[in-house]
Amino acid sequence: MPSNAAPNAKPVLTVKNLAVEFPVHKSVVHAVRGVSFTLSRGETLCLVGESGSGKSVTARAILQLVASPGRITAGEILLDTGSGELDIVKLGALGRGIREVRGRRIAMIFQEPMSSLSPVHTIGHQIVETILLHEKISKEEARKRAAALLDRVRIPNPEAALDRYSFEFSGGMRQRAMIAMALSCNPEILIADEPTTALDVTTQAEILSLLRELQRDRGMAVLFITHDMGVVAQIADRVMVMFKGEMVEQADVFDLFERPQQPYTKALLGSVLKLETPAPRPPRPAEESPIAEISDLSLHFPLNVGMLGKPAAYLKAIDGVSLTINKGETVGVVGESGSGKTTLGRTLLRIYTPTGGQVNYWRGDGVEVDIARLSKREMKSLYSEVRMVFQDPHSSLNPRMTVYQIISEPLRTNTAMSEREMRDRVAELLMRVGLPADGGERYPHAFSGGQRQRISIARAIALRPRLIIADEPTSALDVSLRHQVLDLMRGLQDEYGLSYLFISHDISVIRYFCDRVAVMKNGKIVEIGDVQQICERPEHPYTQTLIRAVPRPDPRLRLSAPA
Amino acid sequence: MLLYILKRIAGMVPAMVAISILAFTVIQLPPGDYVSTYAAQIAQSGETVDSAVLNSLRERYGLGENVVVQYFKWIGGIVTRGDFGDSFEWNQPVTELIWGRMGMTALISVLTLILMWAFSLPIGIYSAVRQYSVTDYVATAFAFLAMATPNFLLAIVLLYASTMWFGVSVGGLFSPAFENAPLSLAKIWDFVTHAWIPIFVLGTAGTASLIRVMRANLLDELHKPYVEAARSKGMPEGRLILTYPVRVALNPFISTVGWVLPALISGELVVSTVLNLPTAGPLLLQALKSQDMYLAGAFILLSGGLVLIGTLVSDILLAISDPRIRLS
C-alpha cells in the first residue's frame with residue numbers, strides 16, 4: 001500500500017527494454033516491445049491492459065515461462081538477490097539457474113484456480129513438493145509448514161485440507177491454496193496474473209484483501225496483472241498501462257485515475273467510467289403491459305439417484321421464482337455463479353423443462369401461452385419471437401459456417417424467404433449491427449471478439465424477435481467494447497420495441513443497461529426493484545454485500561484492509 | 001474404494017446376463033435342436049442310437065420345453081455345476097475342451113496387452129513432448145503403417161519369412177517335444193520363442209493406435225495451466241512432465257483396456273487360425289462351422305466374460321490413478 005512502500009527503496013526487480021516475439025507462420029508477432037519498469041519491496045505494481053496488450057506475456061517472461069514458440073529477444077530482467085544482480089534473461093528457460101528463481105525468489109499465481117492445481121494430486125502433495133524443491137528439510141517439517149500456510153490463507157481445518165484434492169474445494173478456496181503454495185518458500189516477488197478474474201465478486205473481494213494483508217506482513221513486491229480498472233483502483237500503488245505490447249503510461253495510482261496523461265489511458269478510463277453511470281433511457285410508461293410473467297417457477301434436479309430410482313435430495317436450481325418482463329423493458333438478473341440465473345434464462349426457452357410454476361407469455365398475436373407447458377411443436381413457433389444471445393462469441397458461432405450461413409440459419413428454418421431475400425436481409429442486418437455488409441462470406445474466425453458478438457446479435461434479431469434472453473453477452477469482451485455492444489442492443493430495443501432479459505454477474509453493466517433488476521441467490525430472487533434503487537440503496541443483506549464487493553474504479557473509494 | 005469396486009462388480013451382472021442370453025441365442029439359432037442334430041450325426045456314422053440316452057439328454061437340456069426354461073437349465077448348469085453341455089463333434093463335455101484353450105487365449109491377450117503398454121507409453125510420451133521432431137515423425141509413420149496392415153497379412157509374412165529365410169517353424173505355441181511336457185524353464189523358453197510371433201502380430205496395430213492415443217492425450221495436457229503452475233514452482237522439466245501431465249493423460253490410456261481387449265480376442269481368432277495356435281479362436285471357428293453350438297456358446301460366453309473382467313480391471317486401475325473417479 002502506498003503508505004507501506006518505502007520511498008526510493010532500491011528496486012528488487014528491474015526490467016529494461018524487454019521484447020518478446022512470437023514467430024507465426026512467416027511473420028513475427030511482437031507481443032512485448034521495449035517495456036521497462038521497476039518493482040520495489042512492499043510495492044504493488046498493476047499491469048493493466050485489454051486482451052492482446054502483452055501484459056500476461058510480460059509477466060511470464062519474468063519467470064522465463066513464455067510458451068514456445070515465443071521467446072525473449074531483447075532486454076534485461078534484473079533481480080536483486082541481495083548479493084548482486086542476476087539477469088533472468090541470461091538464465092534461459094531450462095536449467096538450475098532459473099529453477100532456483102522460480103518459486104523461491106519469484107512465485108506466481110494464475111487466473112484459473114480451477115485448472116492451476118493438479119486434479120490428481122492432493123493440495124498437500126503440491127505444496128510440500130514446492131518446499132522440498134527449494135529447501136533441505138524433512139517431509140514432516142514441510143508438511144507442518146504447508147498446514148501453517150493453509151491456516152494463514154484462512155482455509156478451515158488445514159491439517160485435513162492437506163489431504164484433499166483441488167476439485168473438492170470451491171474456486172475461492174483453490175485460489176487460497178494456490179496462494180499458499182506460491183508463498184511456501186517466502187518469495188520476494190509475487191506475480192499475480194488475473195488471480196480474481198474467474199472468481200465471483202464477493203470471493204474476489206476476499207482474495208484481494210488476503211493478498212493485501214499477506215503483502216503487508218511479508219513486505220513482498222507484487223506484480224498484479226489485470227484488465228479490471230476497479231481492481232487496479234483497489235490494490236495498486238503504481239500502475240503501468242499496456243497497449244499492443246507497448247507501455248502507454250506508468251504512474252502512481254491516484255495520478256493515473258485523476259490525471260491520465262495519454263489518450264489511450266483516458267479512453268480506457270472513459271469506457272470504465274461510462275459504465276459507472278446508467279445510460280440515458282426513456283421513462284417507462286405509466287401503464288406497463290407484460291410480455292412474460294414468470295410465477296413461482298421451480299426447476300429441481302434429482303441428486304444421488306439410488307438403485308430404486310428414488311433421489312436422495314434435489315438440487316434446487318430455480319426455487320420459486322416470480323418475475324415479470326414488460327414490453328420494451330430490460331430486466332436484469334444478477335447473481336454469482338450457481339445462483340441459477342443462467343438456468344432461469346434457459347428455462348424460458350424450455351432448454352430445461354421446469355418442475356413447477358408457470359411462464360406466461362403473450363405472443364405477438366395477443367394469445368397468452370404457458371411456456372412451461374407447451375409441447376415441443378408449439379414451442380418451435382415461439383423460437384422466432386424469443387431468441388438468445390450467449391456469453392462466449394468464440395464458441396457460440398459455428399466455425400465451419402460463414403457469417404451469412406450463421407445469420408440466415410434462423411431465417412431458413414422459420415421463414416419461406418428465398419436465397420436472394422435472405423442475402424439482402426443478412427446484408428441489412430450486418431450493417432445494422434455495425435459490420436460491413438459484405439462480411440457474410442467470411443468465417444467467424446476472421447472477426448474479433450466484439451465483432452463476433454455483433455454477429456450473434458444479428459443472428460438473434462434476424463427474425464425480428466420480441467424478447468431476447470442475453471446471457472452475459474459482454475462478459476467475454478474488453479471493457480472498451482462492452483458499452484458499444486450494450487449501446488447497440490439499446491438502439492435495437494428502441495427500433496424494434498424489444499424486451500430483454502439480461503443475465504449478468506457484473507453490476508456495472510446491469511446498472512448501465514437495465515430498467516429493473518432481480519438479484520438471485522441459491523435459485524431464489526432475494527430482491528427485485530428499480531436498478532437505481534438496487535445499486536444505491538439495496539435492502540437485502542446479500543445485495544448489500546454484493547454491491548459493496550464490487551471494486552469501484554476510484555482509488556479514493558478503496559476498501560480498507562482488515563486490521 | 002471397496003464400495004466402488006463392489007458397485008462395479010454389481011454393474012457387471014446385468015452385462016453378463018445379456019451376454020449369456022446372446023450366447024444362448026447363438027445356440028438356438030441352427031434349425032432343429034441339439035439332440036436331433038446329435039442323433040442325425042451318430043446315425044450318419046452308421047451306429048445305432050440309444051433312445052434312452054437321447055431322452056436323458058433331452059431331459060438334461062429341457063429340450064422341447066419353453067425357451068426360457070431351456071435357457072435357465074443351460075445357465076443353471078453352468079452356474080451351479082460348471083457344466084457347459086457337451087460338444088457333439090468331439091463327443092466330450094465342453095469344459096474339457098475349453099479351459100486349456102481359453103487359458104491360452106487369456107495368456108496371449110494379457111501378454112500382448114502388457115507389451116503394447118510397455119512400448120506405446122514411452123513412445124507416445126516422447127512423441128508428444130518432442131512434437132514434430134524426427135522421432136515423432138518416425139513414430140507417426142510407423143503408427144499409420146502398423147494400423148493399416150491387416151493382422152493376417154502380417155502373420156503370413158512372418159510365417160513365410162521365418163520358414164523360408166531362417167528355417168524355423170513357428171506355427172503353434174510349443175515345439176512338438178514340449179507339447180505335453182510338464183511345466184519347466186525349458187518349456188517356458190520354448191513358449192517364448194513361439195509366442196513372440198502371435199504377440200507381435202496381435203500387438204502391432206494396437207501399439208500403434210495406443211501411441212497415437214497417448215500422444216494426443218498428452219498434447220492436450222501439456223499446455224494446461226497446472227503444468228505451467230508446476231513449472232513456475234521451479235520443478236525440473238523431466239520430473240514435471242512425468243509427475244503432472246503424464247499422470248493425468250494416463251486416464252484415457254488406461255480405459256483403452258475396455259476396447260483393446262475385445263479387439264485382441266477377436267483379432268486372436270484370425271491370427272491363431274493362420275498360425276495354427278492352440279487357443280480358443282480356431283476351436284470357436286470350427287465349432288461355428290460344424291454347428292457345434294454348445295461349444296460355440298461357451299466360447300462366446302467366456303470371451304464376453306473375459307472382456308468384462310478386462311473392463312473391471314481398467315476401472316479399478318482408473319480409480320487408483322484418478323481421485324476424481326474414486327471420490328465422486
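**View 1. The two domains of chain B, side by side.** In chain B, the C-alpha centres of domain 1 and domain 2 lie 36 Å apart. Domain 1 of chain B covers 19-94 and domain 2 of chain B covers 99-327, with bounds that come from an automatic or database domain assignment. Before we go on, please keep in mind that this is a predicted model, where local features need pLDDT of at least 70, side-chain atom pairs count only at pLDDT 80 or more, and totals for chains, interfaces and linings use all residues. Residues are numbered from 1 along each chain as its sequence is written, while chains are lettered from A and ligands numbered from 1 in the order in which they are written.

**View 2. Where the domains of chain B touch.** The contact takes 17 residues from domain 1 of chain B and 12 residues from domain 2 of chain B; two residues are in contact if their C-beta atoms, placed from the backbone, lie within 7 Å. On the domain 1 side, helix H1 (2-28), helix H2 (34-44) and strand S1 (86-87) of chain B each supply at least two residues. Helices (H or I, at least four residues) and strands (E, at least two) are DSSP runs, numbered from the N terminus. H1(B) brings the largest share of this side, 7 residues. Sorted by class, the domain 1 side has 11 nonpolar, 4 polar and 2 charged residues. Here Ala, Val, Leu, Ile, Met, Phe, Trp, Tyr, Cys and Pro count as nonpolar, Asp, Glu, Lys and Arg as charged, and the others, Gly among them, as polar.

**View 3. Chain B as a whole.** Look for 15 helices and 2 strands in chain B. The C-alpha trace of chain B spans about 85 × 55 × 35 Å along its principal axes. Of its 328 residues, 35% count as buried, meaning that 20 or more other C-beta atoms, placed from the backbone, lie within 10 Å of a residue's own.

**View 4. Chain B meets chain A.** Chain B gives 20 residues to this contact and chain A gives 24 residues. Helix H9 (225-232), helix H11 (245-254) and helix H15 (323-327) of chain B each supply at least two residues of the chain B side. H9(B) gives the most, with 6 residues. The chain B side divides into 9 nonpolar, 3 polar and 8 charged residues.

**View 5. The domains of chain A and their contact.** The contact takes 23 residues from domain 1 of chain A and 16 residues from domain 2 of chain A. Four helices of chain A each supply at least two residues of the domain 1 side: H8 (201-218), H9 (229-235), H10 (253-258) and H11 (263-274). H11(A) gives the most to this side, with 6 residues. The domain 1 side divides into 12 nonpolar, 7 polar and 4 charged residues.

**View 6. Chain A as a whole.** Chain A has 20 helices and 20 strands. The radius of gyration of chain A, taken over C-alpha atoms, is 26 Å, close to the 24 Å that the globule rule (2.2 Å times the number of residues to the power 0.38) gives for 563 residues, so chain A is as compact as a globular protein of that length. Buried residues make up 46% of the 563 residues in chain A.

Key:
A residue is buried if 20 or more other C-beta atoms lie within 10 Å of its own, exposed if 12 or fewer, and partly exposed in between; C-beta atoms are placed from the backbone.
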